[in-house]
Amino acid sequence: MKTLWKWIDALARAVIRLIGKASPKLGALCERLWNNAELVSYLFVGVATTVVNYAVYYAATRVFGMTAMPGTWTAWVAAVAFGYVANKVFVFHTHYGSALALLREAGSFFAMRLVSLGMETVLMYVLVEKLRLNDLVMKLLVNILVIIANYAFSKLFIFKKDK
């Protein structure tokens, strides 16, 4: 795993250097972002969570014959369960001495994800059901917005290390 990470890091830094040659300000910004370990970890977990969400949505709608809304909710449950564990372990590294504190954190995580589920449901309903846009493409675009919102929720409200 460390070898894979070294390869990813070297590739990312090479791309950042190329960006820096084209635009020094953008290159410096990319360098600062890449050096933010929490943000980079969150992006990797976000991508993995999106893959889980997308795969479950695809299976729900294409294999099990669900429509967009039930497929979205089924994918949400799987992605949130995966996302909580992955964010706790790999991104925010929170640890608690009591079951109550752990339950409070998990409850906050799921509550904030309900907010993003509402956002995702409304967007999928409008874009797919009403505007008849491609559901797989819209699912991917909507998930990008959800990842951004979820990072803000996680950072500000859920995974606080001073509990």
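1. A salt bridge here is a side-chain nitrogen of Lys or Arg within 4 Å of a carboxyl oxygen of Asp or Glu. By this rule, the count comes to 5 salt bridges. This is a predicted model, where local features need pLDDT of at least 70 and side-chain atom pairs count only at pLDDT 80 or more, while totals for chains, interfaces and linings use all residues. Residues are numbered from 1 along each chain as its sequence is written, and side-chain values use heavy atoms, leaving out hydrogens and water.

2. Helices are DSSP runs of H or I with at least four residues, numbered from the N terminus. Asp-9 joins Arg-13 and Glu-31 in a network of salt bridges.

3. Next, have a look at Arg-62 and Asp-135, whose side chains form a salt bridge (3.0 Å, N to O). Arg-62 belongs to helix H3 (residues 37–63) and Asp-135 to helix H6 (residues 135–158), so the pair ties together parts 73 residues apart in sequence.

4. Finally, the side chains of Lys-139 and Glu-120 meet in a salt bridge (2.3 Å, N to O). Lys-139 lies in helix H6 and Glu-120 in helix H5 (residues 99–130), so parts 19 residues apart in sequence are tied together. Lys-139 is buried, at 0% relative accessibility (buried means under 20% relative accessible area, exposed over 50%, partly exposed in between, with a 1.4 Å probe and protein chains only). Glu-120 is buried too, at 2%.

Technical notes. Helices (H or I, at least four residues) and strands (E, at least two) are DSSP runs, numbered from the N terminus.
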